[in-house]
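The points are grouped by topic.

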2 protein chains.
Amino acid sequence: MPRKKVSIKEIASAAGVSSALVSMVLNGKAKQYGIGEEATQRVLRIAREMNYQPNIMARGLRSGKSHLIGLVVADIANPFFAKLAREIEKQASANGYTVIYGSSDDNSRRLNSFMQTLVNQGVDGIIAIPCEDTIKVAAELQEQKFPLVLVDRDYTDMEISSVLLDNEQAGRQITDYLIAGGYRHIAFVAYSGDLSHIHGRLVGYQKSMQAHGLTEKIYRFSKEESQVSIRSFLSAISLGDEKVDALIFANNTLTIEGLYMIREMRLRVPEDVALFGFDGGNAFDLFTPPVSYVRQPITEMGRQAFQLLMKQLEATEPQPAEKVVLQSSFVYTDSSKSRPGHK
Amino acid sequence: MPRKKVSIKEIASAAGVSSALVSMVLNGKAKQYGIGEEATQRVLRIAREMNYQPNIMARGLRSGKSHLIGLVVADIANPFFAKLAREIEKQASANGYTVIYGSSDDNSRRLNSFMQTLVNQGVDGIIAIPCEDTIKVAAELQEQKFPLVLVDRDYTDMEISSVLLDNEQAGRQITDYLIAGGYRHIAFVAYSGDLSHIHGRLVGYQKSMQAHGLTEKIYRFSKEESQVSIRSFLSAISLGDEKVDALIFANNTLTIEGLYMIREMRLRVPEDVALFGFDGGNAFDLFTPPVSYVRQPITEMGRQAFQLLMKQLEATEPQPAEKVVLQSSFVYTDSSKSRPGHK
DNA sequence: ATTGCCTTCTGAAACGATTTAGCTTATCTT
DNA sequence: AAGATAAGCTAAATCGTTTCAGAAGGCAAT
């Protein structure tokens with residue numbers, strides 16, 4: 001890696017040919033342009049000797065492509081997104097793309113401004129975990145046929161390629177499971193807000209409860225006051241003021257918050273309350289007892305998201321939007337085992 | 001965001017001036033170049049109306065700067081690195097830089113190739129968590145005066161700017177603490193390999209043990225076989241074959257691995273064995289009992305790392321290397337409370 | 001009227017790679 | 001030998017921005 005980068009021109013003069021020829025050879029288009037065997041080899045050898053590295057900016061300026069893709073997640077410190085990011089990075093790098101990413105904290109202002117930054121940085125496409133008002137930027141980008149793929153959450157009314165979990169099915173299945181285990185007072189706990197994946201999970205829960213003729217108990221806490229809300233909610237349960245024998249936490253950060261409180265209040269799991277969460281993680285496994293959860297096919301989600309993006313990147317004309325829906329698997333542990341005395 | 005990006009030339013013709021003037025105005029150099037007030041305002045207005053966004057590639061080609069920085073961490077799915085990454089991203093964005101990052105898995109081949117990719121992508125500087133053989137690339141980059149900052153781990157024999165934890169002090173302090181709590185058979189457990197931060201922690205442990213006339217017990221497991229090794233190690237403890245009453249895990253992933261085994265083998269903490277780890281995290285807190293740990297000043301590390309990089313980026317002549325050493329704080333919980341019956 | 005000196009602005013080159021159109025040769029055809 | 005064809009190569013334009021040298025015009029001093 002010599003300090004001063006070598007340009008195509010220097011190789012050209014070292015090889016005694018024109019810079020056009022060097023460019024052609026180095027792009028593997030020697031045959032196509034009918035470059036002689038001898039010249040081709042000479043250029044290749046010299047380029048190797050001088051350790052030529054193309055100038056990305058120049059190439060990008062000329063071609064209009066940066067080979068950069070943007071990835072916007074809610075929070076990279078959340079293991080779910082971290083794993084997703086790693087998979088996407090892996091796919092990208094295997095396909096000659098580099099990833100720029102950032103966290104939105106599910107704040108639409110931040111998300112919008114970061115998307116804008118990405119576009120300005122000249123990324124060729126974006127993969128994003130949208131939040132409530134992403135819709136605006138997304139719509140604009142979509143309208144311009146800017147390559148865009150949404151993951152994890154959806155806007156059903158828009159034609160944007162997305163990779164999604166079958167959230168309704170997951171919500172339904174775990175609720176069914178708890179009911180089969182003898183639980184009757186199952187509460188669904190989520191942050192407030194209208195994120196589509198949470199909505200799907202909620203609908204699945206509701207359908208299951210209705211199908212079994214049980215009363216729905218839905219609790220939604222604002223992210224800002226979740227600590228306080230969860231605490232008083234759980235203490236109501238512990239005092240018997242809220243008749244709840246099982247909790248479904250709608251996502252992993254909320255589950256973790258819940259676990260802290262449950263431990264603090266010394267609620268017994270599953271005797272006082274059974275638990276089911278989403279996404280898993282070390283904290284789920286190491287809790288006593290381990291927490292049951294819905295496992296999302298993260299690797300597959302990352303792979304698919306990148307595939308969908310690639311399709312748009314490589315295509316010459318605009319591609320129709322595609323929605324991929326994946327199924328989750330389930331990890332059943334003692335936190336949701338059958339009620340003592342049931343069956 | 002109109003589809004076709006507007007160029008400076010179009011603004012120029014719309015405003016009836018030359019593109020040079022537009023460039024000057026848009027870069028806030030109107031005064032400096034003595035551009036008239038009227039022309040300045042006209043250009044600004046038109047640029048706003050046409051929603052001008054500079055072409056990063058063209059600017060980068062011309063200036064040789066990309067305003068991109070590279071960040072290489074060991075594993076972005078590790079909360080420690082994720083938090084560090086977020087802080088660096090925050091600093092960068094506040095200073096007009098965008099971050100590209102990737103995970104090396106502490107694999108020097110991957111790290112080297114990613115660093116190379118970053119350089120080829122034209123990043124202006126790199127912040128990296130080095131691993132054992134990073135030294136080669138780092139040395140090359142350093143030699144070329146390429147802006148580089150290392151974090152978390154060090155090569156004392158090289159003049160490279162770094163942000164480090166006072167690992168020896170941390171190792172020493174927690175060992176002292178355990179000894180004061182009545183523990184005498186304290187084992188230090190780490191992955192094999194020669195990473196400087198682990199080394200520092202080990203030295204601190206050793207100094208403390210020696211100062212108290214205790215026998216050092218050092219166990220190092222290869223990452224590949226850690227599951228098996230830890231299992232047999234802990235079972236030896238549980239059977240009394242290994243006389244160990246406290247464990248210091250040298251980093252967070254190893255601690256987590258240990259916790260899984262400890263739970264599986266039903267070792268009582270701290271009755272059978274006391275625990276101390278590094279970095280913390282939800283899993284530490286939610287374990288029963290919560291695990292004591294050394295808390296690194298992650299935010300400060302990120303801030304400092306970016307500062308050091310900025311110094312190099314902004315400077316016109318090469319800057320001398322700077323090493324920043326930070327102190328950690330400690331979270332003492334029941335996993336390391338005084339031995340039953342001690343004092 | 002010439003000179004010099006501002007002030008305000010422009011032309012053109014440069015960054016490095018890609019690509020199109022077209023220029024030399026050499027060889028083949030008739 | 002003249003013309004056609006092909007093979008192998010090059011000049012030059014282009015992408016959008018920045019910057020430097022200097023042009024144009026006005027004005028004052030000589």
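Two residues are in contact here when they have heavy atoms within 4.5 Å. By that rule, 53 residues of chain B touch 53 residues of chain A. The model is predicted.

**Interface: area and polar pairs**

- The size of an interface is often given as the accessible area lost when the parts come together.
- For chain B and chain A the buried area is about 4700 Å², with 57% of it on carbon and sulfur atoms.
- Four salt bridges are found across the interface of chain B and chain A.
- One of them joins Asp75(A) to Arg86(B), with 2.9 Å between the closest N and O atoms.
- Between chain B and chain A, 21 residue pairs are in polar contact, both residues being at pLDDT 80 or more.

**Interface: the chain B side**

- The elements of chain B that give two or more residues to the side touching chain A include α5 (79–94), β2 (98–103), α6 (108–120) and α11 (252–264).
- The most comes from β2(B), which gives six residues.
- By residue class, the side of chain B that touches chain A has 26 nonpolar, 17 polar and ten charged residues.

**Helix α2 of chain B**

- Leu21(B), Val22(B) and Val25(B) are buried in helix α2 (residues 19–26) of chain B.
- Viewed down the axis of α2(B), the buried residues lie within an arc of 100°, so they line one face of the helix.
- These buried residues of α2(B) pack against α1 (8–15) and α3 (37–49) of chain B.

Note on methods: Residues numbered from 1 in each chain as written. Chains lettered and ligands numbered in written order. Predicted model: local features only at pLDDT ≥ 70, side-chain atom pairs only at ≥ 80, totals over all residues. Heavy atoms only, no water. Buried area = accessible area lost by both parts, 1.4 Å probe. Salt bridge = Lys/Arg side-chain N within 4 Å of Asp/Glu carboxyl O. Polar contact = N/O pair within 3.5 Å; in protein donor to acceptor, adjacent residues only side chain to side chain. Helix = DSSP H or I, 4+ residues; strand = E, 2+ residues; numbered from the N terminus. Nonpolar A, V, L, I, M, F, W, Y, C, P; charged D, E, K, R; others polar. Buried < 20%, exposed > 50% of the residue type's maximum accessible area, 1.4 Å probe, protein only. Arc of directions from axis to C-beta.
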